[in-house]
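Hi,

Here is the structure I promised to pass on.

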2 protein chains.
Amino acid sequence: MSARENGGSRSSRRGFLAAAGFAAVAGSSLGAGAAPARASDPAAAASQGGQEPFWGRHQGGIATPPQSHTYFAAFDLVTAERGAVVAMLQAWTAAAARMAKGLPIEAFEETEIAYAAETGTVTTSDDEPAPVKVAAADSGEAEGLPAARLSLTFGFGAGIFIKDGKDRYGLAARRPAALVDLPRFVGDQLVEAHSGGDLSVQACADDPQVAFHAVRQLARLAGDRVQLRWAQTGFLPPVPAKHTPRNLMGFKDGTNNPPVTDPAAMDKFVWVGGEGPDWMRGGSYLVARRIRIALEHWDRTKLAFQEQTVGRHKHSGAPLGGKDEFEPLDLTAADKDGNPVIAENAHVRLAAAASHGGAQILRRGYSYNDGASFTAERWPPWRQGMEYDAGLFFLCYQRDPRTGFIKIFEPMAKLDMMNQFVTHVGGGIFACPGGVARGEYIGERLFAGA
Amino acid sequence: MSARENGGSRSSRRGFLAAAGFAAVAGSSLGAGAAPARASDPAAAASQGGQEPFWGRHQGGIATPPQSHTYFAAFDLVTAERGAVVAMLQAWTAAAARMAKGLPIEAFEETEIAYAAETGTVTTSDDEPAPVKVAAADSGEAEGLPAARLSLTFGFGAGIFIKDGKDRYGLAARRPAALVDLPRFVGDQLVEAHSGGDLSVQACADDPQVAFHAVRQLARLAGDRVQLRWAQTGFLPPVPAKHTPRNLMGFKDGTNNPPVTDPAAMDKFVWVGGEGPDWMRGGSYLVARRIRIALEHWDRTKLAFQEQTVGRHKHSGAPLGGKDEFEPLDLTAADKDGNPVIAENAHVRLAAAASHGGAQILRRGYSYNDGASFTAERWPPWRQGMEYDAGLFFLCYQRDPRTGFIKIFEPMAKLDMMNQFVTHVGGGIFACPGGVARGEYIGERLFAGA
């Protein structure tokens with residue numbers, strides 16, 4: 001174990017990268033500046049060394065411009081001790097802030113690691129939060145990699161408030177009214193191994209290894225206080241700014257989102273305001289759905305039928321009959337026979353705000369691809385066999401799920417023409433508290449007030 | 001369906017990208033030049049618009065510098081018609097050559113697609129191979145994306161030669177001696193849903209959507225001639241040139257590979273020479289293994305133990321006791337008590353060429369991350385529950401598996417200290433023929449000679 005390998009200096013991942021000339025090649029948002037990001041808005045942060053700010057009024061990973069990869073994990077709390085949960089959230093906060101800067105959860109120097117592993121002693125690092133106490137050191141697979149715009153978004157499921165009728169942590173009275181149990185929607189085929197959870201962690205980064213690394217460190221810090229319940233990876237193709245990525249159906253996905261750059265729209269549709277409990281102000285509710293797409297079936301249909309199903313042109317993304325992706329949906333347009341240009345059961349019509357009294361949600365989903373699994377097709381000729389286990393890991397944020405996802409999706413579950421190609425096979429609902437101020441830990445106002 | 005949306009021009013993905021100014025942001029290997037790649041060596045090609053050459057003496061995806069993502073698929077042939085297999089391989093060849101240039105399998109224009117979908121007519125595009133006949137058009141999810149250094153590597157499993165005792169295509173006598181059935185290694189827990197296959201397609205690209213798109217188009221072209229048997233995604237962190245990426249154990253992986261830039265080493269260890277059948281010359285044998293890593297277990301061990309297990313330092317990648325990643329392994333070094341510095345059962349010792357009479361293989365693996373699945377631990381305290389379904393998708397190429405993977409791995413399966421953390425849960429062995437000349441189709445010399 002030789003300290004000489006590090007030349008005796010404190011090496012950060014950032015420093016390593018600068019030395020390797022990595023900044024020039026690592027991706028679109030990685031600028032030349034190696035200075036720590038202190039910006040309070042995502043746009044500025046994105047230009048400062050590929051880092052997203054951790055501290056702020058809102059959690060990252062919601063209004064943050066989507067990174068190219070996600071690793072989402074849901075955990076069940078298995079400790080009965082309220083103090084153990086608080087200590088874990090404190091450790092998570094410190095670790096998350098460090099990892100958002102591309103730092104390991106402990107300073108990655110072999111001698112320190114050896115000591116930390118042996119003795120549990122810890123070191124401090126400049127102006128960063130002190131490294132957290134941990135039985136073993138950072139697992140190391142992100143060593144040498146940039147922060148990759150890592151964001152970590154934490155959520156609380158119903159089980160942190162009450163589980164099996166038990167108020168484990170004295171929080172039952174503080175469960176927000178908006179954190180409802182999702183109803184069973186028509187067509188739901190949710191499986192246990194992809195559903196629920198007392199806690200959610202959504203890690204997003206421009207590198208899948210960085211995203212997974214982050215969740216893995218949090219799981220290690222949590223130790224025996226949690227059990228992993230399910231996890232899901234996702235990806236987006238890298239597209240130029242202002243271009244909408246295509247989903248695995250080949251259509252642009254996300255065109256009609258409320259604009260994250262419009263604070264009024266975000267306050268109206270996404271951020272919890274005065275109606276919520278104090279600890280949820282500036283927060284948002286996350287609904288996650290693992291939506292398997294029958295890609296083989298979809299691929300056997302004709303383009304015109306696909307476009308009727310979606311209600312948009314595949315190539316341009318424009319509404320049917322239109323030319324430009326961003327032109328408004330004209331739901332009243334009719335052809336010469338008086339039939340609607342966009343069918344009554346087309347996906348975009350049923351999803352449109354106009355069909356729900358103006359309701360909107362912020363979709364921030366990823367495609368997922370878990371290889372292949374056995375499928376019994378629900379359509380002629382009733383084929384059975386291995387098919388792509390791939391689709392959309394739908395993530396959406398909203399001020400209130402009752403007037404957001406539930407309101408919008410309930411009729412879609414019944415009527416959407418797209419339902420013959422998609423099946424909701426998992427998911428969950430989580431209350432993501434407001435952002436964290438320096439010195440605070442994630443969810444502190446929930447626990448402190450109870 | 002309006003041709004106006006395309007301005008009446010033939011748009012290629014390449015053209016779209018140039019127009020969108022995408023070249024500047026898409027990745028490390030995407031240079032400014034939008035000209036088609038005509039280079040015959042990977043290094044030159046990598047500088048030309050992020051394209052890897054499809055035609056050549058060797059298939060791409062072997063000596064090609066590893067892309068950041070893979071999508072690997074194994075198919076079973078279900079047709080009894082030799083001609084149907086040949087026609088499929090012809091279609092695959094043409095489509096693969098187009099996709100390697102960032103082109104859809106058909107020119108992506110709505111009117112053409114509509115016609116093609118309705119009538120099966122096809123169009124041609126400049127000097128590219130003519131688009132192939134297909135029941136529906138390109139599925140479109142790579143529209144707007146660069147070629148992303150896509151490579152497609154095709155392999156033949158034992159089942160194309162003989163299956164269930166049946167010589168379906170008249171090729172049984174041409175099965176190469178080197179295409180053995182892999183023995184059952186100690187500790188193997190191979191599952192059907194991740195093993196075998198008559199055909200393999202390894203798609204590698206710097207974008208997971210591009211890699212999956214490519215395999216999906218091939219599957220569509222194959223239609224009912226094949227059934228998907230298993231599929232696996234994988235990723236590598238983007239590291240600067242000449243840096244070795246870390247695997248999910250946090251260690252650098254791939255340090256001791258034979259150098260792809262050394263033709264003599266490649267001819268000796270990787271490319272099939274005069275000893276093989278004509279159609280395998282310039283080809284290579286692929287052994288794939290899906291190796292699940294018990295990451296939770298690994299993460300609970302101390303750094304010093306991890307380093308003893310691997311035989312290298314975690315941070316530097318140097319052999320135990322050494323300082324530099326690339327310094328030679330000294331397997332004779334002993335400590336003051338006479339004990340070996342690198343343990344008898346350390347991973348690097350057992351994997352080293354010196355332990356196998358100089359045998360070497362070209363490892364070209366990826367990490368994989370399929371979320372979480374139920375696991376019963378094989379170690380105290382015998383925990384059961386959801387654990388990371390993640391690990392190493394080990395891919396290696398060699399001139400002869402009998403003197404390559406089998407020779408190297410057989411003793412490792414018995415002795416490697418790392419085996420307490422890894423389990424081989426799937427894989428296959430495939431004969432990847434030599435590269436394809438223009439006008440030829442993949443595997444043509446196999447079929448033509450029979």
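First, the ground rules. The model is predicted, so I took local features only at pLDDT of at least 70 and side-chain atom pairs only at pLDDT 80 or more, while totals for chains, interfaces and linings use all residues. Residues are numbered from 1 along each chain as its sequence is written, and chains are lettered from A and ligands numbered from 1 in the order in which they are written.

The core

The largest nonpolar core has 218 residues. By such a core I mean a set of buried Ala, Val, Leu, Ile, Met, Phe, Trp, Tyr and Cys residues joined through C-beta atoms within 7 Å. A residue counts as buried if 20 or more other C-beta atoms lie within 10 Å of its own, as exposed if 12 or fewer do, and as partly exposed in between, with C-beta atoms placed from the backbone. Among the residues with the most contacts inside this core are Leu150(A), Ala203(A) and Ile293(A). Setting aside neighbours within four places in sequence, Leu150(A) touches residues including Glu52(A), Met99(A), Ala203(A) and Val210(A) (contact means C-beta atoms, placed from the backbone, within 7 Å).

Helix H3 of chain B

Helices (H or I, at least four residues) and strands (E, at least two) are DSSP runs, numbered from the N terminus. H3(B) covers residues 82-100, and its end C-alpha atoms are 27 Å apart, which agrees with the 27 Å that 19 residues should span at 1.5 Å a residue (the expected span is 1.5 Å times one less than the number of residues). Its buried residues include Val85(B), Leu89(B), Trp92(B) and Met99(B). Among the elements covering the buried residues of H3(B) are strand E1 (69-77), strand E2 (151-156) and helix H5 (208-222) of chain B. Just after H3(B), Gly102(B) has a positive phi of about 80°.

Helix H8 of chain A

In H8(A), residues 303-310, the buried residues are Leu303(A), Gln306(A), Glu307(A), Thr309(A) and Val310(A). They cover an arc of only 155° around the axis, which puts them on the same side of H8(A) (the arc is that of the directions from the helix axis to the C-beta atoms). Gly311(A) follows H8(A), with a positive phi near 90°.

Strand E8 of chain B

Of the 15 residues of E8(B), 12 are buried, so this strand is largely enclosed by the rest of the structure. Strands pair if DSSP finds at least two bridges between them. E8(B) pairs in the antiparallel sense with E5(B) over 8 bridges, with E6(B) over 2 bridges and with E7(B) over 9 bridges. Ala288(B) stands opposite Leu395(B), Leu362(B) has Tyr397(B) as its bridge partner, and Ala376(B) is partnered by Gln384(B).

Backbone details to look at

Most residues other than glycine have a negative phi, and most peptide bonds are trans. A cis peptide bond joins Pro380(A) and Pro381(A), with omega about 0°, and the bond from Pro380(B) to Pro381(B) is cis too, with omega near 0°. Pro381(B) lies in the loop between E7 (366-376) and E8 (384-398) of chain B. Trp382(B) is in the loop between E7 and E8 of chain B; its phi is positive, near 60°, and the residue is exposed, with 8 other C-beta atoms within 10 Å. Ala148(A) also has a positive phi, near 55°. Ala148(A) sits in the loop between helix H4 (110-119) and strand E2 (151-156) of chain A and is buried, with 29 other C-beta atoms within 10 Å.

Best wishes

Methods:
Two residues are in contact if their C-beta atoms, placed from the backbone, lie within 7 Å.
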